[in-house]
Every structure is written in C-alpha cells, then in structure tokens.
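Biologist: I've got the structure open and would like to learn how to read it feature by feature. Could you walk me through it?

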Amino acid sequence: MTLAPETTDLKVELALDGDWFAVCDLSMLLPGRGVAALLPDGRQAAIFRDRSGELFAVDNRDPFTGAAVLSRGLTGTHQGRPFVASPLLKQRFDLMSGQCLDDETVRVTAYEARAA
Amino acid sequence: MTATLGANPTIVLVGHGMVGQRFLEALAERGLTATHRVVVLCEEPRPAYDRVQLTSYFSGRTPEDLSMTDMGFIKDHGIELHVGDPAESVDREARRVTARSGLVVDYDVLVLATGSYPFVPPVPGKDAEGCFVYRTIEDLLAIEEYAKKARVGAVVGGGLLGLEAAGALKGLGLTSHIVEFAPRLMPVQVDDGGGAALLRTIEDMGLSVHTGVGTQEVVVGEDGSVTGMKLSDGSELATDLVVFSAGVRPRDQLARDCGLTVGERGGITVDEQCRTVSDPHVFAIGECALAADGRVYGLVAPGYEQAETAAATIASDEASFTGADLSTKLKLLGVDVASFGDAHGTAEDCLDVVYSDSRAGLYKKLVIGRDGTLLGGILVGDAEAYGTLKAFTGSVPPVAPESLVLPAGAGESVRLGPSALPDDAIICSCHNVSKGAIRGAVTDHRCTTVPEVKKCTKAGTGCGSCVKVLGQLVNAELEASGVEVDKGLCGCFSQTREELYEIVLALRINSYQDLLDRYGREQARGGDGCEVCKPTVGSIIASLAPAIGASGYVLDGEQAALQDTNDHFLANLQKNGSYSVVPRIPGGEIAPEKLIVIGEIARDFGLYTKITGGQRIDMFGARVEQLPLIWARLVDAGFESGHAYGKSLRTVKSCVGQTWCRYGVQDSVRMAIDLELRYRGLRSPHKLKSAVSGCQRECAEAQSKDFGVIATASGWNLYVGGNGGATPRHADLLAQDLSDAELVRLIDRFLMFYIRTADRLERTSTWLERIPGGLDHVRDVVVHDSLGICDELEQLMRAHVAHYRDEWAETVNDPEKLARFVSFVNAPDTPDPVVAFVPERDQMKPDLPLLSIGMRPAADVLEGSAQR
Ligand code: SRM
Ligand SMILES: Cc1cc2nc3c(=O)[nH]c(=O)nc-3n(C[C@H](O)[C@H](O)[C@H](O)COP(=O)(O)OP(=O)(O)OC[C@H]3O[C@@H](n4cnc5c(N)ncnc54)[C@H](O)[C@@H]3O)c2cc1C
Ligand code: SF4
Ligand code: FES
C-alpha cells in the first residue's frame, strides 16, 4: 500500500526568494530518506520525502558539527510532525520548522518544497 | 559492655574473610560502627573476597572482581582495617590483641572469624615442591604459575572443593586425576546413585576418577619436586602437581593459645548467641566456630547467620543461631549438583522418590516424610528445580513429588512456579532472604528490576543459585501489583526488540511499514516511525531475511530507508562528512599482493590509512561519490565489505598460532578465517567481535570478545560475553575442548540465541548479565538444548551462511543504487566543499577549522577553504 502520487515527470522544487527552484526528479527521493541539493548561492539543502509522499527541506548543514550531512539522517514522526535525526550526534530537527527538538536554542533554515 | 573512659568501646575483628566482612556490614546496619571503634586484623594480603566464587578466577574473574570489600564502606564507617597483619596473641586478662606488626589493640569485644585451613593428610612428601592446597587467591596464583610447566595434575579428595579444583586444573590444560578415599564422589552431599551419575559425567569430560583408594605417599624426584603418587591399592600415578582437598579444619589455634574452650575435633565452642562459652567478651563466627548444635559449618550461609547473630547480640538485640541447613548447589564444568535438607534420608520412615538416567548423567532423589512432607533431596545433572524444591522443604508440596523430578516432557512432569511458595520460604539461603522480603522489595521499596532487588535485599549476591527464581518472583510481583513497566522499544512500539523479533519470525513480516501499521502503538501507526525502531527492525529483518522471504541485501527497496546512515552508504561517516573504508581481512591474514592493492588505492584517492585495533586497515577521508570507485577496485582485487559500519560481525582476530609460534597447539589463523567467513554479514542487535588464540597465552585477546576461542591440546575452549570498550568484561567459559564442528555448532546456536533475545544495542556482555539465569541459562539453552530450539537456531544460521552475498559487490553492479552515492542530487560532479583536508605527518587530516567556518551565516561560508 502506498499513497505516493504518480512519480513520472514530477520535479522536486524548493521555494527560494519567492521563486521555485527545481532540484531533481521526484523519483530520486526514496520515502524515508533524504538527498542533498546545492543551491545557487552555494548553500546546501537536505530534502526528504515521507511515506505519504509529502516533501520537506531544511538546511543540510548540521549546526552541531558543521558537517553538511543532515540529508543522510534517519527520519521519523514525533507527535505527528516529521523530523530528521542528524547522523553525527543524533540531534533531531523538525522538518517543517527547522527547530531542533533536543535544544530549543538551535534551529536550521526550513524551505518550502513541492512536487510539480 | 565496659568502655574505656572517654573513648568509644572497641570491637576487634580477627579475620577478614567472607563471614568477617558480613559481620562488619551487620555492625554498620545496626549503627554500631558509629558508637564503637572497629579494628580489623586481616591476615591475607587483600581484604575480604568471595571465596565461594574462587574457581571463577580461572574463567577470567580477576582478584578485583572477586573482592567483597567496598573500600568506601570501610572508610565511611571509620573501620580500621589492617591488611596483611594477622593477630598473633590474645591476652584475655588484659583484653588485648597483639598483631604480627607489633600493633596492640585493647578490646571490649573480640570477634574471631578466622575460618578454616585445608587439611593435608600426613603422607610422606606432602610438602614437596608442586604440592598445593586450594583455599585462597594466593593458592590459585601459585597453582596457575606451577601449572605452566606441568602436564598432569592430581587432586586428593573428591568432595565439592576437590571437584572444583580438578576442573580448574583441567582448565589450565592439565590432564587431571581425582583420588577419593570414599567409594563415590562428593560422599557428603550425594548418595551412591548420585555419585554414579556424577562419575559418569565427570569421566565423560576427560577427568580420571579413582575412588575407593587413598593416597599413601607423594613421590618426589631428584630435584625435590613432585613426580607421582603412591595409592593404597599399590598402584602409582604419575603427576607433576598435587592439590590437597581433603577437607578443612577450623583455625582455632589463636583461641586455644589463650585458653578458650575448643571442641574435641576442633572449633571454638560458642553458645546460641555465638559468644564463646569461656569468655563473655569473645565471640566466634564462621568456619572457626563450633556452634551450639555441636557442628562446625563449612558453608557460607550459616556463617552469615552467625555474623548477624553476633552483631545483634553486641547491639543487645535478641538473636540466636541454633543450626542451619546444609543445602548446596555446585556447578562444575557445567554439571549441576545440588543437595538440600535431609538428603540422605536419615529421618525415620521416610521414602525416596528417585529418577535416574545414568546415560544422560541425570539422578534426582527426593526424600519424603510419611505425611508427604518434602524432607530433602539430591539432584545431579539437572538442578533446575533446586530453588523451588529447597524452598518447599519442610512442607507438603502442592503436587505429587514424583512429578517434580521427572524430566520436562516426560508426561507427568510439573514445573512449580515460585508463586506457589509460602511467604516465609527462603529463596536466597546465602543471605537468608525470604520470598516475603523479596515481594516487599517490589511492593514497599518500589524496586522494578532484579538488580534493584538484589541491591535492596542482598538476595542473589552470594552463590547466585537463586537468581533465576528471584527473577521469576520479581516479575510475578510486578505484574501482580499492576506496575506498568513500559518495556517498549520506543515511542512507536510497545513491544521489546525480542518480541518484535518473534512477531517478525512467526508471521514472516518482511516490511517495516507493515509491522508498524499492524503492531505499532496506536498513535504511531501510519506514521514514519523513528530513528530508534527503524534500524532495529531493519536489523531484525536482515538477520532473518532468508527465513522470512526478505531480500538479504540491506539496500533493497524499503530496507534502504531503515538503515542507519553508515549502513545506508556501506561506510563509516566521519566528523567532516567524509567516509572511511574498511575491507574485510579475515583473521587479519593478508597476502602482500592485497596489501599493495590497498596501498595503491589509498594513494590514488588520497586517503589517510591506519592499522585498526581490529587487525585490518582503515582508509579515511573518502567523499561519498568516491565510495563506489574505491570499492569497484577493491571488489576487483577480491576484497569484500568489512562491515565496519554495521551492527554485524566485525573482525575475528587471530594470533599466528601453531603454524609458526613455538607454543601454539592449534591452527588459530585458519579457525579465525573460517569463523570470520562463516559469520560475515550477519546483522545483530549490536556489533559482534571475535578472536582465536593458538594457546592459553591468549595473544589474540579472545577473552575480551563477544565470542572468543582459545586452543587447547585437544580442541578449543569457547568463551562468550567478553567486551572491551567502555565497560570491559572478561568472557565466560561456555564449553571446553570442542572439536571444530562442535565449536562452530555452539557458536551458531549462541549467536542466533543472542540475536533472538537481546535488546537493541545490547552487546553480548550486557545481554549475558541481564537475561534471567545468566550464563547458566544460556548454557542450558545452547549446550543442553533445554528449550528444544537448537535445531531452529542452527537452521537459521545455515540459511544466513547460504545466502550471504557481498553487499559492496552487489552495489557496484547496480546503477540504480550507485545513483545515491553523490554529494548533490542536482550536481553529481560537484564535491561537498565542506569536505576538505590539510596535511599531517605525511598524510592528511580533515580541515577542522572549515567545519566551524561552516557554522557561520551562509554568505561567507566557503571563502578560502582548500579543496581537494
Ligand atoms: C577504526 C577503529 C579504531 C582504530 O583506529 O583502530 C575504531 C573506530 C570506531 N569505533 Fe571502535 N574502532 C576500532 C576498534 C575497536 C576495538 C578494538 C577491537 O575490536 O579489538 C574496541 C574494543 C573492543 C570491543 O568492542 O569490545 C572498540 C570499541 C568501540 C566502542 C565501544 C563498544 C562497547 O561495547 O563499549 C564503540 C561505540 C559503540 O559501538 O557503541 C566503537 C565505535 C567506533 C566507531 C564506529 C565510532 C563511530 O560510530 O564513528 C569508530 C569509527 C570507525 C570508522 O570510521 O571506521 N568502538 N573499537 C577500530 C576498527 C576495528 C576494525 O578493524 O573494525
Ligand atoms: C574453592 C571454594 C569453594 C567454596 N564453595 C562454597 C559454596 O559453593 N557454598 C558455600 O556455602 N561455601 C563454599 N565454600 C566455603 C566458604 O568459602 C566458607 O564457608 C567461607 O569462606 C567461610 O567464611 P569465614 O569468614 O568463616 O572464613 P574465611 O573466608 O576462610 O576467612 C577467614 C579469614 O581469616 C583469616 N585469618 C585466620 N587467622 C587469622 C589471624 N590470626 N589473624 C587475622 N586473620 C586471620 C584468614 O586468612 C582468612 O582470610 C567454598 C570454599 C572454597 C575454598
Ligand atoms: S596465543 Fe599462544 S599460539 Fe598464539 S601467538 Fe600467543 S603464544 Fe603463540
Ligand atoms: S542462594 Fe546463594 S545467592 Fe541466593
């Protein structure tokens, strides 16, 4: 059983400065895992797809270690909201807001993402 | 008690053995250490240790592990402990003790706890070099040292201690003999039937038993050391080493010298309060005391009771010691022997119920009174029911006695749960803890785990034979009092890992989502799970893949999404986002050609190389997009994944062994390679490590491994549950002198049983400490097949071995999988700029400052950083 929409031709897009920036084919995204994308200004985004097909994106840089690895973390659901756990020291980040769930003073940038 | 004016009254304890230490604890519990000065004279070079567990030194427990003395306790209670300074004389008139060092202490109360000394029969040659006794850690150290140059050892005496000593000699690699004067082994504890069953099992283990013969003389060679023994039947036994274990005698010399009354056959005569009959200021407790019932007790539990009694009396509480039970349970080389109550059926009109199967080495006898009361019994070969039966002794058990001794599965057999026991039944006889006290620990003191209950009641901290019953009681009590202990794996599953394993196996569920939606907690169903249960379930599915019809390739389909980052990229993530690469080098053996390949690859990709602690080579600093290129070359050269990233088999270290080493007795390298190839790729609750040493010098450090193998002259010894890391633990000996096939079969079973029952991220060491029944239970299951699951365990392992494929070979041949090995999905050729390196000691290291630059606001991120 999968609720994922038909994947052919659909592109993953991020909202950047009011524009939609196309990243890759939706089929590149495995439910429950992330990919990293290089943004035009040199920043990196980590993009995830959950099992229902919804897309999320946050900054790829792990603020605790400086390494650009959040896209490689494991995802999950915490109190109904999606999160990713950093693969280095395991802090979790809310994928909708970028808020760190284990340290309220830390937050990463969250991007709006869609399949179009 | 009279006190010296202006000072606290003084209690002097002579002898800091097991009972002495218990006495100090009893003083502290009664507040007497606050009101008294307490001085302890300890003869041995170390404070009190667990003599009962002495033999476990040979299976890896260190003298420190055996210690029973918490120095914090001694300090906190202001106890003056003089180690290595025995009492030499007592002046009862002046109430003064003089120690060897010249220390003089005036006492108000003197407590003698001097224990026993081993009795050495007065045979010629008894003092020759190579003759030993078996009582203290020093004795063991001396035996161990001497055994290095010995081949054969003989133990005089086939009682409980003699058997332990013989087992220890065998463990040291000696051919072992037991010479017992009585017509059977353990004459005190077991009857003829039990002796026969025991004899058979002991002989099957390769120990030679000579019963019904006495030792007449120790034969001494020209250099003054032992060469043999003359026996009473005229025969001579060649041996390099003799251990006398012919009984113990109370150490009452100090008491005799100061005129205290001693018994005809020794022992300081005391009354029911443990006060000497000659002097109200002097007490005697433990093995040196002749109790009011006319017996000298050679067991620790009665000694503990005496210690409590003496402390209570000193505190002017009422207490008395009128006698104790002589129940014992011994585990020698895996054979259970237990006797309890009136084991020999001395009561009038009593009946025996006997079950015996000498082929299987089983003998069980219950002594039943006329009215059906259980009076005592003997169990040889299977003492599972010991705890329960002992507790029922003195009452009429609620089921027919014969059903209690029949083996499981023989139709009539009944297992009596501890819930059937009355509250006053003694569960732990070492510490005299009743079932009621254990229930109280759970209900009144809110203990929720066995370790907590142990701490609270002391139950289970002596010989350990009651721990199993203890575990059952604690659980039953927790459930009864409705304590809801959430044993669930995480917020998504209310089941434990073990339960999830059973569900996955039984229902052949090979999808995580399926498991979550059907068996997850209500609120977690339909969701995305979490970082705890995904890898756990991923690991269960991988362990069981062939049996449940899942793919054996961890990156297939949904499985890919469950793996931890390291498994997902089949490499170990480093602090700057680069990866390390570890090819498998089975047993640490590597041909020069392959070494060159590794060198070339590392050079070509600019990797940092290091020899790991696991006898192989790690290449660090690979960017994610380099991983497939590196592995394509490694696979080409015949390398496979080393699973350095997985919760799976890491390395099987080896020593060079018999092939080269002058001491080696087996081919340890070959065995290490065989084991590494057999278990490679096996996913488990935590990583698995192993090692094989070619002799007991143990150069491969096998006793620090999850399963470690040490060669013996006749095969292999298997140790399990070892650990280095944060909480090191020496492995326990599981079985001895195994053939190659037996070794592999036991490891198969052991690993599969561990995978089945361990918690997530629980190494075998913590698992072994946690599971009810501990090592004994694991041995019962994997060696004696007590649960009847060994066939299934072996089958699961065979399936794993048959389906193993190298996951890196599979990955480099799968273009779809390779697509994920990029830094950026939208710029596959651009390397991650944060991954950069700077030189160090002829190699390179991560550019760490770059990582902190990376944490500044985005705009000035990458300026000036070196790229490779
Ligand atoms: C590379 C190596 C150190 C070295 O330079 O020698 C190493 C490196 C790591 N060890 Fe280790 N350990 C290495 C040998 C050991 C040993 C020695 C041994 O195996 O004989 C031990 C102690 C033995 C033991 O495990 O009982 C060891 C005890 C640990 C522990 C503590 C485990 C424990 O039970 O307490 C961890 C942490 C863990 O697993 O939770 C750990 C974890 C790690 C990790 C995986 C930490 C991590 O997640 O990043 C390190 C990364 C490896 C990498 O990137 O390749 N490593 N580690 C060794 C690799 C051996 C190999 O060839 O596979
Ligand atoms: C190998 C082995 C296995 C055993 N297994 C079991 C078992 O399974 N179950 C069981 O119940 N019992 C067992 N026992 C017996 C148990 O160890 C003893 O019953 C217990 O240790 C007695 O305690 P204790 O304090 O009276 O004597 P000990 O523990 O012997 O302590 C007496 C101490 O007093 C010291 N001492 C003597 N004279 C002086 C002096 N003048 N000044 C200062 N110090 C002095 C001695 O050096 C010694 O350290 C076993 C014993 C051995 C050796
Ligand atoms: S363990 Fe024994 S066989 Fe192996 S290298 Fe060391 S001494 Fe030699
Ligand atoms: S009976 Fe020995 S520890 Fe409980």
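Modeller: Let's begin with one side chain: B:Leu746 is buried, at 7% relative accessible area. Buried is under 20% relative accessible area, exposed is over 50%, and partly exposed lies in between, with a 1.4 Å probe and protein chains only. Before we go on, this is a predicted model: local features need pLDDT of at least 70, side-chain atom pairs count only at pLDDT 80 or more, and totals for chains, interfaces and linings use all residues. Residues are numbered from 1 along each chain as its sequence is written, chains are lettered from A and ligands numbered from 1 in the order in which they are written, and side-chain values use heavy atoms, with hydrogens and water left out.

Biologist: Where is B:Leu746 placed, and what is B:Leu746 in contact with?

Modeller: B:Leu746 belongs to helix H23 of chain B, residues 740-757. Helices (H or I, at least four residues) and strands (E, at least two) are DSSP runs, numbered from the N terminus. Contact means heavy atoms within 4.5 Å. Setting aside neighbours within four places in sequence, B:Leu746 is in contact with B:Leu718, B:Leu734, B:Ala735, B:Leu738, B:Val782 and B:Val783. Take B:Val782: it is 36 residues from B:Leu746 in sequence, yet 6.6 Å away in space, C-alpha to C-alpha.

Biologist: Now a loop residue. Is B:Ala524 buried or exposed?

Modeller: Buried, because its relative accessible area is 9%. B:Ala524 sits in the loop between helix H16 (512-519) and helix H17 (533-548) of chain B. Beyond neighbours within four places in sequence, its contacts are B:Gly491, B:Cys492 and B:Leu516. From B:Ala524 to B:Cys492 there are 32 residues in sequence and 5.1 Å in space, C-alpha to C-alpha.

Biologist: And B:Ser765, which helix is that in?

Modeller: Helix H24 of chain B, residues 764-770. B:Ser765 has 5% relative accessibility, so it counts as buried. Outside the four places in sequence on either side, B:Ser765 is in contact with B:Gly721, B:Gly722, B:Asn723 and B:Arg729.

Biologist: How should I read a positive phi?

Modeller: Most residues other than glycine have a negative phi. B:Asn432 has a positive one, near 55°, without being glycine. Its place is the loop between strand E26 (426-428) and strand E27 (433-434) of chain B. B:Asn432 counts as partly exposed because its relative accessibility is 42%.

Biologist: What is phi at B:Asp785, then?

Modeller: Positive again, about 55°, and B:Asp785 is not a glycine. B:Asp785 lies in the loop between helix H25 (774-782) and helix H26 (790-803) of chain B. At a relative accessible area of 28%, B:Asp785 is partly exposed.

Biologist: On to helix packing. At what angle do H12 and H13 of chain B pack?

Modeller: Axes are lines fitted to C-alpha atoms, for helices over the stretch in contact, and angles run from 0 to 180 degrees between N-to-C directions. Helix H12 (residues 435-443) and helix H13 (residues 450-457) of chain B pack at about 115°, with axes 10 Å apart. H12(B) passes H13(B) in a right-handed crossing; a crossing is left-handed if the near helix is turned anticlockwise from the far one by less than a right angle, and right-handed if clockwise. On the H12(B) side, B:Ala437, B:Ile438, B:Ala441 and B:Val442 meet B:Val453, B:Cys456 and B:Thr457 in H13(B). That contact has six nonpolar residues, one polar and no charged. Ala, Val, Leu, Ile, Met, Phe, Trp, Tyr, Cys and Pro count as nonpolar, Asp, Glu, Lys and Arg as charged, and the others, Gly among them, as polar.

Biologist: Which residues surround ligand 3?

Modeller: A residue is near a molecule if one of its heavy atoms lies within 4 Å of it. Around ligand 3 you'll find B:Cys655, B:Val656, B:Gly657, B:Cys661, B:Tyr663, B:Gly664, B:Gly694, B:Cys695, B:Arg697, B:Glu698 and B:Cys699. The shell has six nonpolar, three polar and two charged residues.

Biologist: Last one: how many helices and strands do chain A and chain B have?

Modeller: Chain A has zero helices and ten strands, while chain B has 29 helices and 38 strands. In chain A, 53% of the 116 residues are buried; in chain B, 55% of the 868 residues are. For contacts with a separation of 6 or more, residues 24 or more positions apart account for 37% in chain A and 61% in chain B.
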